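This explanation leads the reader through a protein model, beginning with a single residue and then turning to the whole chain. Please keep the sequence and the structure in view while reading.

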Amino acid sequence: MELEITMQLLCAQSPDAQVRTYAMTLFPHLVDLNPPVMLLSLSVELSNDAKSTESRKIAGVLLKDLLDFEWDAIDVSTKSRIKTSVLQTLGSCISEASDIASQVVAKIASIEIPRKEWPELVGSLITNMTLADAPLSLKEATLGTIVRLCQEIFEPNSSLLTPYVSDLLNGLIFMAERTDGVDYYELRSSAYETLNAVVRCCNLSETSRIIAKLLLDFVSKLEQTLFLQVVSRDDRVILEELRTSLFGVLLAVIQKLSEAIETSPVILQVANRIVLVFLNLFGSGSRAADQEAMLAIGALAYATGLGFEKYMQGLIKCIETGLQNIDEHEVCAITVGVVGDICRALDDKFLPYCDVIMPHLIRDISKAKLHRSIIPLVFSCFGDIALAIGEHFDKYVPLALRIMQSAFRVCAEVDNITDKEVVAYCNNLKRSIFEGYSGILQGFKNSSKKDRVMLPYAPHLVWFIESVAKDNQRDKGVTKAAVEVLGDLADALGSNVEMLLKDCKFCTELIDECLQSDDEDLKRAATWTKGMIGRAFSVRV
């Protein structure tokens, strides 16, 4: 029999310290006396819509926190009552209660499903999604619970999810395609986002046929949107939201199928259709749809590798449009990132498109109204392009590196800033500058032009590395990038930079700092850099 604990729960949040302390010391005592009764009482409190929202929230948090310690001590009958109670609470009209109930369900599942217990849970969640007269609040909480299950239990490539994948995906698609009421249009995006979470967690080797079919089905769904009639403004909004969601699913599925060589051919089978629907839709709809569409193209480039070259003639205008769209900076930022994806896919086959792409990047970064989040992406993209086309990047070096050197100086001027947001941005900017330099240096590594082209910029780079090494606000990413670009400098230019690095105290200190770190990534970077310097010329570091 459960206890009446509302007053104790509210006292636990009392502004009176004495009352609060008494309540908090009472709970452990009650748990120790009878764990099953206490956990059941908390679940009943959480499920009772007549109780205050505050007491229900506290009950849910306490219940969730106690599960790790007390769940195994509870009898099967009481466990069943608790599980039934929290599942019912998912449908509460009080969002705070349904949200914490979702967390409790996921927590119990994280204990039981790995033990092959609670096999009926997923079926119950699917019923919640597909039941015609289930309230909107229940469906929303159910979707949130499935996402939490993916986060708590079904880690990427987990076999625990495999028995449920087909039914979950079918239930989510059924829910997303319901059209009987406004509520379902509102739920559709959430249903597809949940589907994406399931796809990302799938064990590909065990679900490859299901995921491959999903790719074919969603390409077809996108193609069908080309022929949907739009009568009103509401129709247009609904259609653009649908296309955004469908491109989002396509992105998740392509990325999943790209994880294995065995499943990549499935992507090649529909690549032409994906590019064609992209060409028909990009730039004609909403910003969100363009973002998801461009991300899907980046994933397709990664999946198809050199085979992506045949699409470049058709896609280059869309890429230009994305790069020019600085007013919608999210689209522009994603397009810059996709240029990097394409560079990695095509390598030197990207060369014919550089004279189109590079001027856009240079113009973008020269515009005062460019959103600052795009600047680090452009610098990293310079490195991607240089790495892809090698010594042919020489024609862009003077302008690109002059812009990066200007950013050096801006970074140096704000080293003493304490605003956390500014510090985080500057760290991101510094890291991107180093990444850009690393790509350019690596691109020239085997070129006879490297000394003539890159050596004039080496002193400025060394100065920037030194200034960053002295910065006590640099994060791990900046530190790693700084050490790596130091190694790239030695690797590419060798003894030509001996005078710059010889007896260089900050080099020794930076490398030693990383070697003594507990972080394995920093240790590896420092070990490699130390080897590059030692191999290039005999400098003790």
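Is Asp 491 buried or exposed? The model is a predicted one, and in it Asp 491 has a relative accessible area of 17%. Because buried means under 20% relative accessible area, Asp 491 counts as buried. Its place is in helix α23. Leaving out residues up to four places away in sequence, Asp 491 touches Lys 445, Trp 528, Met 532 and Arg 535. With one of these, Arg 535, there is also a polar contact between the side chains, at 2.9 Å.

The view may now be widened to the whole protein. Its secondary structure consists of 26 helices and zero strands. The C-alpha trace spans about 85 × 65 × 45 Å along its principal axes. The protein has 541 residues, of which 52% count as buried. Its accessible surface comes to about 24600 Å², and carbon and sulfur atoms contribute 52% of that area. Among contacts with a separation of 6 or more, 75% are between residues 24 or more positions apart. As for charge, the protein carries 54 positive and 72 negative side chains, and the centres of these two sets lie 5 Å apart.

What span should the twelve residues of α9 have, at 1.5 Å a residue? The expected span is 1.5 Å times one less than the number of residues, so α9 should span 16 Å. The C-alpha atoms at its ends are 16 Å apart, which agrees with the expectation. Several residues of α9 are buried, including Val 165, Leu 168, Leu 169 and Leu 172. Gly 171, Ile 173, Met 175 and Ala 176 in α9 are buried as well.

Asn 157 lies in the loop between α8, residues 136–152, and α9, residues 165–176. Most residues other than glycine have a negative phi. Asn 157, however, has a positive phi of about 70° although it is not a glycine. Its relative accessible area is 37%, so Asn 157 is classed as partly exposed. Trp 118 is another residue that is not a glycine and yet has a positive phi, in this case about 55°. Trp 118 is found in the loop between α6, residues 95–112, and α7, residues 121–130. With a relative accessible area of 4%, Trp 118 is buried.

Apart from its neighbours within four places in sequence, Thr 304 is in contact with Leu 268 and Ala 271. Asp 290 also lies in helix α14. This residue is buried, with a relative accessible area of 7%. When residues up to four places away in sequence are set aside, Asp 290 touches Leu 281, Phe 282, Gly 283 and Val 331. The C-alpha atoms of Asp 290 and Cys 504 are separated by 49 Å, and these two residues are 214 residues apart along the chain.

At 11% relative accessibility, Lys 79 counts as buried. The residues it touches, not counting those up to four places away in sequence, are Trp 71, Asp 72, Ile 74 and Glu 112.

Which residues does Asn 496 touch, not counting residues up to four places away in sequence? They are Asp 451 and Leu 455. The side chain of Asn 496 makes a polar contact of 3.0 Å with the side chain of Asp 451. The C-alpha atoms of Asn 496 and Phe 537 are separated by 9.2 Å, although the two residues are 41 residues apart along the chain.

Note on methods: Residues are numbered from 1 along each chain as its sequence is written. This is a predicted model: local features need pLDDT of at least 70, side-chain atom pairs count only at pLDDT 80 or more; totals for chains, interfaces and linings use all residues. Side-chain values use heavy atoms; hydrogens and water are left out. Helices (H or I, at least four residues) and strands (E, at least two) are DSSP runs, numbered from the N terminus. Buried means under 20% relative accessible area, exposed over 50%, partly exposed in between (1.4 Å probe, protein chains only). Contact means heavy atoms within 4.5 Å. A polar contact is a pair of N or O atoms within 3.5 Å; within protein, one must be able to donate a hydrogen and the other to accept it, and residues adjacent in sequence count only if both atoms are side-chain atoms. Accessible areas come from the Shrake-Rupley method with a 1.4 Å probe; for residues, only the protein chains shown count as cover. Lys and Arg count as positive and Asp and Glu as negative; His and the chain ends are not counted. The place of a charge is taken as NZ of Lys, CZ of Arg, CG of Asp or CD of Glu.
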